[in-house]
Amino acid sequence: MRVPVRSSNDAWLVGPCAMDPEVHMRLRVDFWALTQPRTDALQPRTGAFVASFRRVLRALDAEEPVVLWTSPEWNARVALWALCSYRLRRWPTQPDLSLVCVGEYEERHAHLSFGIGYVTVEPTMARDAWRTARPMPLREVREKARLWQKLAAPMPILSGKPLRDTRANKELLELGAYQAGFFPRLSEQGLTLSTLDALLLGCVNRTPSNPGRILMRRGSKGEELRRWMSLTGDIILFHRLAQWAERGALHAKPWTAPNGWQTAKYTLSATGRALLRDGLSSIDQAPPFPIWGVTAYDPKNPWVVVEEAGARPHLRRPGAR
């Protein structure tokens, strides 16, 4: 198409974020470094990520008009909000943005309730979409920047005063429910694992299994876990297994290079079975997990999910009413 395109390969649905783009970039580099084995190959990947992210920031800082490409995918949706916010920091009254949406999505798992993880994009679809580029009014850019501000805030989306169920908040409420899936849950029986952690540990077999076999478990649990994986990515779930092994919830054969995802073996320990059966005695029993502006299982800044039948989950401080 003979137009310069700047992009940065990231998974915006997991890990920390920040309103300031430079702080955001540093947080992302540190987060992904923690999920990778310490090898000589890590530094070049880190350098490539920083270089690509800086090219995006330079394009957003420039006085020239900018076209943002997005898709129905949730990851692209969050990235769009962030880029609108960063553009407004430099050009608050005249962002001069246009928008192109590309890709088709087919719902294959209608009974699973959240998220679009993948879309199909063919070259002809991209060329056709280019002709549909439309200018973004300042009001729309500010609205998307507001949504990014809610994600980057130091508290979960579904905490505090309930958001109005308006058309403008629809996507934010959906992502808030997704975010809640990373936080421990509070019920009359006490504190239990997050939705995702309970699912992940529940998919570990009695016989030693590598991460690939765990994620490909048959049945409804395996299917639901793979649905999560379409949003979080597989690396995050491999990393989460290693974190739970360090906490004693899993027996593990250590990761070894170069095929750690095949050589690592996990089985559920007595501690893991107790966590699934009896829940948590304290927040710090679980490894922390950053999700946008806040961290799940953070003993210094704790949040718990309160679920009521037929209602959207809500997050509050432990002990609060």
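Start by selecting valine 67, which lies in strand β2; strands are DSSP runs of E of at least two residues, helices are runs of H or I of at least four, and both are numbered from the N terminus. This is a predicted model, in which local features need pLDDT of at least 70, side-chain atom pairs count only at pLDDT 80 or more, and totals for chains, interfaces and linings use all residues. Residues are numbered from 1 along each chain as its sequence is written, and side-chain values use heavy atoms, with hydrogens and water left out.

Valine 67 has a relative accessibility of 31% and therefore counts as partly exposed (between the limits for buried, under 20% relative accessible area, and exposed, over 50%; 1.4 Å probe, protein chains only).

Next, select serine 71, in the loop between β2 (66–70) and α3 (74–90). Serine 71 has a relative accessible area of 11%, so this residue is buried. Its side chain reaches the backbone nitrogen of glutamate 73 at 3.1 Å. Show Ala76, Cys101, Val102 and Val119 as well: serine 71 is in contact with them, its neighbours within four places in sequence being left aside (contact means heavy atoms within 4.5 Å).

Now move to helix α1, residues 21–34. Its 14 residues should span 20 Å at 1.5 Å a residue, and the end C-alpha atoms are 20 Å apart, which agrees (the expected span is 1.5 Å times one less than the number of residues). At the start of α1, select aspartate 20: one of its side-chain oxygens comes within 3.0 Å of the backbone nitrogen of glutamate 22. Finally, colour the buried residues of α1, among them His24, Met25, Phe31 and Trp32.

Notes. Polar contact = N/O pair within 3.5 Å; in protein donor to acceptor, adjacent residues only side chain to side chain.
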